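The sequence and the structure come before the details.

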Amino acid sequence: MQLGIGLPTHIAHVPGPLTVPWARRAEHRGFASLATIDRLVYESLDSIVALSVAAGATAEIALVTNVLLAPLYPAAVLAKQLATVADTTGDRLTVGLGVGNRTDDYSAAGVDFGRRGRVLDRTVGLLRDTWRAAPGIGDRPLCPRPLRIPVLFGGRSEATVRRVATVGDGWSAGALRDYANQSAYAERIRDAWRTADRSGRPRLHASVNFAFGDEETVRLGRAHLQDYYGFSPEYAALNVADMLTTRQDAAATVRAYRDLGFDGLVFHPCVAALDQVDRLADAVL
């Protein structure tokens, strides 16, 4: 199972210049991937731009959007942006897509929240066509050459199962360590994949939140989750309670997801401090 670490770009008021040393330290310490979390109406950094900055500062580490709120973006622009990241980094990119549950993001982007699932379906079709270098508007391709970019879908709806089984490469599970439900949903994904007569098997990725250090560090991490998920107090409380705070918790989480047959696990930081990369690496690598 591959272990990745998130960039701290989703943390409110994160210093932008931290992106490059964080990415380089993560690659140096041996993490398999760097990931971003997407959000629009928040004091955070843009997911695609930040991931591009990290890509330019590294050479081999994989890059993951975990997940990108695709309906917020003009589909053709998004397709070309992601194709550019993939092509210029030597196919290091895996694209995780979802719809999210924050109405303010959709209001700011001028997109109908109630139609976000249908918008995602249309967007995915255009992404796949673009990455095949198929003719687009004006009968000209939008990217210079065909690309194969893996696509994972986040969420737990019936539509997520359908998307993974028919047009996706795998599933990106949420950050809560509800292992019984994660395992059951993963089996639904596998069943739908077989029913769709897909070859191989779906990729299964999960994520967790962490903050390692003294009491103040842990307090700051929990405060971040309380604020970030403040639109849903009940869900925020679940994330606060589930945040990893010790090396032992992190190692146990790796073992649990490995035993469930997951292919990847991303640790998303809750504190924007560079020492979090080393603390996590010491715990799980």
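## The cavity

There is one cavity of 30 Å³ or more in the structure. A cavity is a set of points on a 1 Å grid over the protein atoms alone where a 1.4 Å probe fits but cannot get out. Grid points are joined across faces, edges and corners, and a volume is the space filled by probe spheres set on the points. The model is predicted: local features need pLDDT of at least 70, side-chain atom pairs count only at pLDDT 80 or more, and totals for chains, interfaces and linings use all residues. Residues are numbered from 1 along each chain as its sequence is written, and side-chain values use heavy atoms, with hydrogens and water left out.

The largest cavity has a volume of about 40 Å³. Its lining consists of Val-64, Thr-65, Asn-66, Gly-96, Leu-152, Ser-172, His-205, Ala-206 and Val-266, where a lining residue has an atom within 4 Å of a point. Helices (H or I, at least four residues) and strands (E, at least two) are DSSP runs, numbered from the N terminus. By class, the lining of the largest cavity has four nonpolar, five polar and no charged residues. Here Ala, Val, Leu, Ile, Met, Phe, Trp, Tyr, Cys and Pro count as nonpolar, Asp, Glu, Lys and Arg as charged, and the others, Gly among them, as polar.

## The pockets

A pocket is an open set of points with protein on both sides within 12 Å along at least five of seven lines. The largest pocket has a volume of about 980 Å³. It is lined by 35 residues, and Asn-101, Gly-154, Gly-155, Gly-174 and Tyr-235 lie nearest its centre. At least two lining residues come from each of β3 (62-69), α5 (116-131), α6, α7 and β7. The lining of the largest pocket divides into 13 nonpolar, 16 polar and six charged residues.

The second largest pocket holds about 160 Å³ of space. Of the 17 residues lining this pocket, Gln-2, Ala-62, Val-64, Thr-94 and Arg-203 are the closest to its centre. Strands β1 (2-6), β3, β4 (93-98), β7 and β8 (264-269) each contribute at least two residues to the lining of the second largest pocket. That lining is made up of eight nonpolar, six polar and three charged residues.

## Helix α7

Helix α7 (residues 179-195) has 17 residues and reaches 24 Å from its first C-alpha to its last, close to the 24 Å expected at 1.5 Å a residue. The expected span is 1.5 Å times one less than the number of residues. Buried residues in α7 are Gln-182, Tyr-185, Ala-186, Ile-189, Arg-190, Ala-192 and Trp-193. Seen down the helix axis, the buried residues of α7 fall within an arc of 165 degrees, so they line one face of the helix; the arc is that of the directions from the helix axis to the C-beta atoms. Buried means under 20% relative accessible area, exposed over 50%, and partly exposed in between (1.4 Å probe, protein chains only).

The cover over the buried residues of α7 includes α6 (158-167), β6 (170-172), β7 (203-210) and α10 (247-259). On the face turned away from the buried side, α7 carries the exposed residues Ala-180 and Thr-195. Just after α7, Asp-197 takes a positive phi of about 60 degrees.

## Backbone exceptions

Most residues other than glycine have a negative phi, and most peptide bonds are trans. A cis peptide bond joins Asn-66 and Val-67, with omega about -5 degrees. Val-67 belongs to strand β3.

Asp-91, which is not a glycine, has a positive phi of about 60 degrees and lies in the loop between α3 (75-88) and β4. Ala-133 is not a glycine and has a positive phi of about 60 degrees. The loop between α5 and β5 (151-154) contains Ala-133, which counts as buried at 19% relative accessibility.

Thr-217 sits in helix α8 (residues 215-228) and counts as buried because its relative accessibility is 16%. Not counting residues up to four places away in sequence, Thr-217 touches Ala-211, Phe-212, Val-271 and Gln-276; contact means heavy atoms within 4.5 Å.

Ser-232 is placed in the loop between α8 and α9 (233-242) and is partly exposed, with a relative accessible area of 22%.
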